[in-house]
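Please consider the structure shown below together with its sequence. The paragraphs after it lead from one part of the chain to another.

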Amino acid sequence: MTNRITELIKLELKRQQEGLCMIPSENYVSRDILKVLGTPLTNKYSEGYPDKRYYSGNIYIDEIENIAREKACKLFGMPHANVQPHSGSSANFAAYFALLEVGDTILSLDLNAGAHITHGNKFNFSGKYYNVIHYGVKEDETIDFDQVGSLAKEIKPKLIVSGTTSYPRTLDFERFTKIAHGVGALHMADISHIAGLIIAGEHPSSSSADVVTSTTHKTLRGPRGAIILCQEDFAKKIDRAIFPGTQGGPLDNVVAAKAVCFEEAGTESFRKYQKQIIKNAQALAKSLMSNGIRLVTGGTDNHLIVADLTALGVTGNEASIALEQATIYVNKNVIPFEKRSSNDPSGIRLGTPALTTRGLLENDMQEIGEWISKILKDHSNTTIIESVKKDVSDLMANHPIYEDLDI
């Protein structure tokens, strides 16, 4: 490893240790997962599936993958799991590949209301290869199920997609399934953001869906990667869609890390952790709102918050840059009925999974909300930014992560 790469890794570790990671898509994996990711498993090539590989020497790899599949099925209460997808986007691509033909109609949430780019962004494969129609939200910015039902009857989609990337409220997956099956459609739930909450019983289950996709990071607190779960009727189609349909060999070190992640997710401490994520998010929401910050839907039921900055005269891009200068990491984000561009939208998205991993509690969130509000109201004031940066440093020093990590 070159000196510069080593130096950059150490600098990135320092950044993660000293700042407030409030991007809902990020978290800190356990040391056990870090160890597994750095093992010689990365050397193996394993196209195919256990007992059906195209390369020899997979006796131990097969057992690892079987353990990961079994644990995933048990956690999510579904009969079949594919643990090979490299990312959430590739999992969604494979699911579409399995269930649809090019040009088929998908009904999914409007991206400004909280959907992911793979749910129909016009520049994404999903928007280019399929006919995507969007349902939206009501005036209160919650999903308009009346519109979902009426559009489903009108356009007769092949697939209805539920699941979001920046929606702060609970999703009624059973209602989506009922609507989909009522018009002869399939239901795919993308639970990438809320997988950990579902496992812990802090969010309704997605097991009624025909197919479920999820990343393994975010609230699940595992390695960067994804899984696809499905009812038995779709098992062969899903497996063929991953290999040979859309991927070659799996990342065996990541599959093993997923198995460790699933084992951790089955513990009582993990369930308590998920409860605290929500408590922290709601405490943060309360703090921001008490400081006059408008939140999309007026709060949160899960791990994330979307703040509308329109009334403050600051854009999401400007806000995220100012907060980063204070070592508070969030992301710019569109809001429902967005009037600005996605490159410089009206909002920011904040989450509590990573800070909860660090051991922060409700009183910390109250304080963090105060710091964020100060910066949002005067984002060009360097004195405020420097003051908050020192406060952040002091707080994080009391909640260390990855101490004495050997790089």
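What follows is an account of helix packing, of several individual residues and of aromatic rings.

The structure is a predicted model, in which local features need pLDDT of at least 70, side-chain atom pairs count only at pLDDT 80 or more, and totals for chains, interfaces and linings use all residues. Residues are numbered from 1 along each chain as its sequence is written, and side-chain values use heavy atoms, with hydrogens and water left out.

The account begins with helix α14. Helices (H or I, at least four residues) and strands (E, at least two) are DSSP runs, numbered from the N terminus. Axes are lines fitted to C-alpha atoms, for helices over the stretch in contact, and angles run from 0 to 180 degrees between N-to-C directions. Helix α12, residues 316-325, packs with helix α14, residues 362-377, at an angle of about 125°, and their axes are 10 Å apart. That angle makes α12 oblique to α14; angles under 35 degrees count as roughly parallel, over 145 as roughly antiparallel, 65 to 115 as roughly perpendicular and the rest as oblique. The crossing of α12 past α14 is right-handed. A crossing is called left-handed if the near helix is turned anticlockwise from the far one by less than a right angle, and right-handed if clockwise. On the α12 side, Ala319, Ala322 and Leu323 meet Ile372, Ile375 and Leu376 of α14, where contact means heavy atoms within 4.5 Å. The residues of this contact of α12 with α14 comprise six nonpolar, no polar and no charged. In this classification, Ala, Val, Leu, Ile, Met, Phe, Trp, Tyr, Cys and Pro count as nonpolar, Asp, Glu, Lys and Arg as charged, and the others, Gly among them, as polar.

Helix α14 also packs with helix α15, residues 382-397, at an angle of about 160° and with axes 9 Å apart. The two helices, α14 and α15, are therefore roughly antiparallel to each other, and their crossing is left-handed. From α14, Asp364, Ile368, Trp371, Lys374 and Ile375 take part in the contact, and from α15, Ile384, Ile385, Val388, Asp391, Val392 and Leu395. By class, the contact of α14 with α15 has eight nonpolar, no polar and three charged residues.

A further partner of α14 is α11. The axes of α11 and α14 come within 8 Å and cross at roughly 40°, in a right-handed crossing. Residues of α11 that meet α14 include Gln276, Ala283 and Leu288, and among those they meet in α14 are Glu362, Met365 and Ser373. The contact of α11 with α14 divides into six nonpolar, six polar and three charged residues.

Glutamine 276 lies in helix α11. Is glutamine 276 buried or exposed? Glutamine 276 is buried, with a relative accessible area of 16%; buried means under 20% relative accessible area, exposed over 50%, partly exposed in between (1.4 Å probe, protein chains only). Leaving aside neighbours within four places in sequence, glutamine 276 is in contact with Thr356, Leu360, Leu361 and Glu362. Asparagine 291 is found in the loop between α11 (268-290) and β11 (294-295) and, at 17% relative accessibility, counts as buried. With neighbours within four places in sequence left aside, the contacts of asparagine 291 are Gly369, Glu370, Ser373 and Lys377. Glycine 316, in helix α12, is buried with a relative accessible area of 0%. Beyond neighbours within four places in sequence, glycine 316 is in contact with residues including Leu309, Lys332 and Asp344.

The aromatic rings come last. Rings of Phe, Tyr and Trp (its six-membered ring) pair if their centres lie within 6.5 Å; planes under 30 degrees apart count as stacked, over 60 as edge-to-face and the rest as tilted. By this rule there are ten aromatic pairs. Tyrosine 45 and tyrosine 55 form an edge-to-face pair, 4.9 Å centre to centre with 70° between the planes. Tyrosine 45 lies in the loop between α2 (31-37) and β2 (48-49) and tyrosine 55 in the loop between β3 (52-53) and α3 (59-76), so the pair ties together parts ten residues apart in sequence. Tyrosine 45 is partly exposed, with a relative accessible area of 40%. The rings of tyrosine 96 and tyrosine 130 have centres 5.6 Å apart and planes at 65°, so this pair is edge-to-face. Both tyrosine 96 and tyrosine 130 are buried. Ring pairs link Phe93, Tyr96, Phe97, Phe125 and Tyr130 into a cluster.
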